[in-house]
Amino acid sequence: MVFTLSVNGDRLATTADPVTPLVDVLREEFHLTGAKPVCREGFCGACMVLVDGKPAP
């Protein structure tokens, strides 16, 4: 299945498994390393991204 995302105004597509954390897709497939997978649980906020203008771990 192909997922299409709009990231920083660019349309990007991935075939990542739907259970793959968004931070992993951003870092590994799109080479966007701003979000950091520190705690891997979403508690510390290092992997926070905005989804439709709202924060999402």
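This is a predicted model: local features need pLDDT of at least 70, side-chain atom pairs count only at pLDDT 80 or more; totals for chains, interfaces and linings use all residues.

**The hairpin**

Val 7 stands opposite Asp 10 in strand 2. Helices (H or I, at least four residues) and strands (E, at least two) are DSSP runs, numbered from the N terminus. Residues are numbered from 1 along each chain as its sequence is written, and side-chain values use heavy atoms, with hydrogens and water left out.

Strand 1, residues 3-7, and strand 2, residues 10-14, pair in the antiparallel sense over five bridges; two strands pair if DSSP finds at least two bridges between them. Another bridge joins Thr 4 to its partner Ala 13 in strand 2. The two strands form a hairpin with two residues between them.

Asn 8 is found in the loop between strand 1 and strand 2. Its phi is positive, about 50 degrees, although Asn 8 is not a glycine. Most residues other than glycine have a negative phi. Is Asn 8 buried or exposed? Asn 8 counts as exposed because its relative accessibility is 73%. Here buried means under 20% relative accessible area, exposed over 50%, and partly exposed in between, with a 1.4 Å probe and protein chains only.

**Thr 14**

Thr 14 counts as buried, because its relative accessibility is 4%. Leaving aside residues up to four places away in sequence, Thr 14 touches Met 1, Val 2, Phe 3, Val 25, Glu 29 and Phe 30, where contact means heavy atoms within 4.5 Å.

I turn now to the helix. In helix 1, the buried residues are Val 23, Asp 24, Val 25 and Leu 26. The buried residues of helix 1 pack against strand 1, strand 2 and strand 3. Apart from residues up to four places away in sequence, Val 23 touches Ala 35, Lys 36, Pro 37, Arg 40 and Cys 47.

Which residues make up the largest nonpolar core? There are nine in all: Val 7, Ala 16, Val 23, Val 25, Leu 26, Phe 30, Ala 35, Cys 47 and Val 49. Helix 1, residues 22-29, supplies the largest share of this core, three residues. A nonpolar core is a set of buried Ala, Val, Leu, Ile, Met, Phe, Trp, Tyr and Cys residues joined through side-chain atoms within 4.5 Å. In soluble globular proteins, nonpolar side chains tend to be buried together.

**After the helix**

Just after helix 1, His 31 takes a positive phi of about 60 degrees. The place of His 31 is in the loop between helix 1 and strand 3, residues 49-51. His 31 counts as exposed because its relative accessibility is 62%. From C-alpha to C-alpha, His 31 and Thr 15 are 15 Å apart in space, and in sequence they are 16 residues apart.

Asp 52 lies in the loop between strand 3 and strand 4, residues 54-56. With a relative accessible area of 76%, Asp 52 is exposed. The C-alpha atoms of Asp 52 and Thr 20 are separated by 19 Å, with the two residues 32 residues apart along the chain.

That concludes my presentation, and I thank you for your attention.
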